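I wanted to see who pairs with whom.

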Amino acid sequence: MIEHILGWLVGVVSAVISALGYPGIVLLMAMTSMGIAIPSELIMPFAGFLVAQGKFSLIAAATAGAVGENIGAGIAYEIGKRGGRPLILRYGRYLLIDAPHVDAAERFFTRWGSAAALVGRLLPIVRSFIAFPAGIARMNRVKFHLFTTLGSWPWCFALAWAGMKLGKAWDTDPRLRAAFHSAEAVIVVLLVAAVAFYIWHRIKSVRKG
């Protein structure tokens, strides 16, 4: 049962990656890097799970994630550069990009300057929006993509590695599977609540904006 619930929660992620392979990782990570509500915390662990199944290479999966982040960050950079904050907030609501998260990214960029493109990639939430203020500030493009790569690759590698370890343990350690089944009702409730809260929070913030 728990496998079916998890499969439903990450249905889009698993379908895209399974169908497209590495390009699927690139596509999904590009979307999350643009602030679209597809958490990298779902994308890369599933890629890591496929590493454990022998379908991907860990290094290649992490690199695909970083490439996707660069593509998405480049698009978000251009949006910030050409349209500024008004354009982001006017049309971002259709992608559940909300004002509070953009505000947080702007404050972070103001505090850290160009280094925010590096440090921000290592932080949840901020990492998905940091490219917008970088574009608004017209940060040097070469430095921007260099910092984006240096920050995103370790993040992608760590999440994929965690997914790989879980995948290997799931197949080889019966205690893990037993623990999941013994607590599956609680796990299901928590997972559904977490995803529902995440989506509700994004929608509520967009409506307020």
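I started with Glu78, which forms a salt bridge with Arg141, the closest N and O atoms being 2.4 Å apart. (Salt bridge here: a side-chain nitrogen of Lys or Arg within 4 Å of a carboxyl oxygen of Asp or Glu.) Glu78 sits in helix H5 and Arg141 in helix H9 (residues 141-172), so this pair ties together parts 63 residues apart in sequence. Helices are DSSP runs of H or I, at least four residues, numbered from the N terminus.

Note on the source: this is a predicted model, where local features need pLDDT of at least 70, side-chain atom pairs count only at pLDDT 80 or more, and totals for chains, interfaces and linings use all residues. Residues are numbered from 1 along each chain as its sequence is written, and side-chain values use heavy atoms, with hydrogens and water left out.

Next I checked Arg82, which forms a salt bridge with Glu78 too, closest N and O atoms 2.7 Å apart. Both lie in helix H5, four residues apart, about one turn of the helix.

I looked up accessibility (buried is under 20% relative accessible area, exposed over 50%, partly exposed in between; 1.4 Å probe, protein chains only). Arg82 is exposed at 72%, and Arg141 is partly exposed at 29%.

Then Arg121: it forms a salt bridge with Glu69, closest N and O atoms 2.5 Å apart. Arg121 is in the loop between helix H7 (116-119) and helix H8 (131-136), Glu69 in helix H5 (residues 58-91), so the pair ties together parts 52 residues apart in sequence. Arg121 is buried at 0%, and Glu69 is buried at 0%. I also found Glu69, Arg121 and Arg127 linked in a network of salt bridges.

Tally for the whole structure: four salt bridges.

Note on methods:
Helix = DSSP H or I, 4+ residues; strand = E, 2+ residues; numbered from the N terminus.
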